[in-house]
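Hi,

Here is the structure I promised to pass on. Have a look at it first, and then read my notes below.

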Amino acid sequence: MIRSVLLTAFGTVLCLVLPLQSTLAQCGVERWQIKTGTDSDAALVNLNSTVSTTVANLSAFAAPNPIPETRRVAPAETTVWVLNATLKKFVRSYDSDYHMVLTDDAGRTMIAEIPATACVGPGSPLAAGIAHARAQFDAMFTPTASFQNANIPVQITGVGFFDFAQGQEGLAPNAIELHPVIDILFNPSFSLSASSSVNINQGASGTASVSSTLAGNFSAPVSLSISGLPSGVSANFYPTNFGAPGSGTSQLTIAVGSATPIGTYGLTVTGTGGGQSHSATINLTVTSSTATQLVGNPGFESGAASPLPWIVTPDVIDNSSYEAPHTGSWKAWLNGYGIAHTDTILQQASVPSNAVQALLSFWLHIDTLETGNQAKDTLRLQIRNSSGAVLATLATYSNVDANTGYRQVSFDLTSYKGQTIQIYLIGVENTKLKTSFVVDDFALNVATASAPGDFVISASPSAFTVTPGASGTSSIGIALTGSFNSSISLSASGLPLGATAGFSPAQLSAPGAGTSLLTVSTGSATLAGTYTLTITGTGGGKTHSTTINLMVITGSGSTQQLLTNAGFENGSTNPAPWTATAGVVDNNSASEPAHSGSWKAWLNGFGVSHTDTIWQGATISSTATSATLSFWLHIDTTETSTTNVYDSLSVQIRNSSGTVLKTLGTYSNLNAAAGYSQLSFDLTSFKGQTIRVYLVGVEDDGLKTSFVADDFSLNVTTP
């Protein structure tokens, strides 16, 4: 009651002493100088520097007690914050402020306020920003004395302010606000995209790419989650979120259990940040671990002169640059003439009578010059019997379905088991504008029985560094194949003196799939050096192992990372200080995603005789007590041999003249695996030298192998 009387009295005096313009707005009282920038500390606010934040981060500040009336509380009240959130509602308050209630994606709320320009005293460095924000808001809304709902994304720029808690609508737990707001942008957003489909055998794993693209001035962290996983399937993102401003690409690794039912499942990937949520869909097709691919010449790579076993109309098999293939050099290009024309391609296949699954898939791209919403040109996918009679039309596509890039389509043909069928595509074009139907990379995966059960063991990371008396961790993963169903016990060997290893859990219960956290703890007397640990899994009458490189370094001194542009994020036009062959520094996330960020080094992957190199120089101090090189490597291959090395990558140390001093490791098509693994090497023996970290990828003229490297580091510790 006393406060309301004082406010009334002060308002009366204020109206008597302020000019006429000021009397148009009823202004506030409490900490009003701080709110409008007329306080003695206003010069501490650097308007040329902003800090991105979240509702959660601002709410974590400790509220001052007592709150100073005329002085600012650093750093909360001396910083210009940029916040992405959702504007839930707004009102014109009794003191003429525009009172905004903001919320984040977790439902946390806080207040932001824009004072009336007539309430800002002379000399305020915030006056121009307040007037700017007020005009922005007035152009969008008409605030009244009653709350109005908005529920739109906003980006707010404003100075922190601790208010007195008086039950205000939307008040943060610590009563922090953005007051005043000096800039507000409406509808900043992000969008999420993902690989449209992925096929994975039971007991195996595969990857998909998930990307976040920004619109407007969106700037907030975006976290990722997934739903719709079928029984026995797990999924992990790397990274699990995109830091502010919220753009980037994450590799999604999907592990399918051996008992997961075969079929196609719609997975929903959701990105959440800045008060928004957006989703993308991935079609996961689970196939039997013993599936056999029945389509011959599936990518038409035998060329136009030898299309068999495809039977095609003239000029359909094509390698021109006008329509790019999905992979390789050749594809099937039906129609695209702009005249009345029919093209066909067909291949015959026999589906075994004991098939438990038969899945047809291929990649389709449609270009058109047609402009209406009516189907003028069509492509039909049919199943015909061996005599050519139509058994079913599985799908019909037209100019209305034109799309950028390729998309994979798939169809269940299990009902045709025991039959010899024709996979038949017929494209029909009218006499008007042209439409091109381009298809590539067919597969007819037929499963007949389950494979013998087994498991695969892996470690991530496969190397880590600790100091004596400290500990390090690695995630030990078990993936199943076939019908394996047994508990698996884990053990470690090769530990240095004074070190211990523990698993959580120490045993994975049946069927055996899952992960265990390995913690290696060293003793204070454990000697510095590099040790190879062997991690063994035993169960179901089978034993498999993987290795981890443990590096123990002295804990004294300082550590410096010597490699720059370590993740190639400067892009292909500015790879320095890396020296790389043309095309190696790459940001094609759809074909080969980066380990983190957008860029990586992609060596080889052409399927022709080719050599790629990347290198960077560094000088290791003569006083170094340790020097550790590490990077992340992913290997893809279309080679089918399990014994012969056709394509290789050598990791070398060379001197400043380019002479090879040591080959640290050699990898090949035989090391191909899903996802990235971290490699680590001890370079302490090169202290006092200027060296080149040098990678050489050599590919023959057969099937292709891609060596993808990212996120390098050369950590050197000196006394």
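Cysteine 27 and cysteine 119 form a disulfide, with 1.9 Å between their sulfur atoms. Keep in mind as you read that this is a predicted model. The structure holds one disulfide, and this link is left-handed, with -85 degrees about the S-S bond. What does the pair tie together? Cysteine 27 sits in the loop between helix H1 (2-17) and helix H2 (32-36), while cysteine 119 sits in the loop between strand S4 (109-114) and helix H4 (127-140), so the link joins parts that are 92 residues apart in sequence.

Next, the salt bridges. Searching the whole structure turns up seven of them, and I'll go through some here.

One of the seven is between glutamate 169 and lysine 89, whose side chains meet at 3.3 Å, N to O. This pair links distant parts of the chain: glutamate 169 is in the loop between strand S5 (148-162) and strand S6 (176-186), and lysine 89 is in strand S2 (residues 80-92), 80 residues apart. Are the two partners buried or partly exposed? Glutamate 169 has 37% relative accessibility, so it counts as partly exposed. Lysine 89 has 17%, and because buried means under 20%, lysine 89 counts as buried.

Then there is the salt bridge of aspartate 318 and lysine 331, at 2.6 Å, N to O. Here too the pair links distant parts of the chain, with aspartate 318 in strand S18 (residues 317-318) and lysine 331 in strand S19 (residues 331-335), 13 residues apart. Aspartate 318 and lysine 331 are both buried.

Further along, the side chains of lysine 600 and aspartate 586 meet in a salt bridge, 2.6 Å from N to O. Lysine 600 belongs to strand S39 (residues 600-604) and aspartate 586 to strand S38 (residues 585-586); they are 14 residues apart, and the pair links distant parts of the chain. Lysine 600 is buried, as is aspartate 586.

Now for some strands. Which way do S28 and S35 run relative to each other? Strand S28 (residues 463-466) and strand S35 (residues 542-552) are parallel, joined by four bridges. If you want a spot to start from, find alanine 463, which stands opposite asparagine 549 in S35.

S35 also pairs with strand S34 (residues 529-539), this time in the antiparallel sense and over 11 bridges. Along that pairing, glycine 537 stands opposite histidine 544 in S35. S34 and S35 make a hairpin with two residues between the strands, and in this hairpin glycine 540 takes a positive phi near 60 degrees.

One more residue to look at is alanine 672, in the loop between strand S43 (660-668) and strand S44 (677-682). Its relative accessibility is 32%, so alanine 672 counts as partly exposed. What does alanine 672 touch, leaving aside its neighbours within four places in sequence? It is in contact with Ile635, Asp636 and Thr637. Isoleucine 653, by comparison, is 19 residues from alanine 672 in sequence and 23 Å from it in space, C-alpha to C-alpha.

Happy to go over any of this with you.

Cheers

Terms used. Residues numbered from 1 in each chain as written. Predicted model: local features only at pLDDT ≥ 70, side-chain atom pairs only at ≥ 80, totals over all residues. Heavy atoms only, no water. Disulfide = S-S within 2.5 Å. Salt bridge = Lys/Arg side-chain N within 4 Å of Asp/Glu carboxyl O. Buried < 20%, exposed > 50% of the residue type's maximum accessible area, 1.4 Å probe, protein only. Pairing = 2+ DSSP bridges. Contact = heavy atoms within 4.5 Å.
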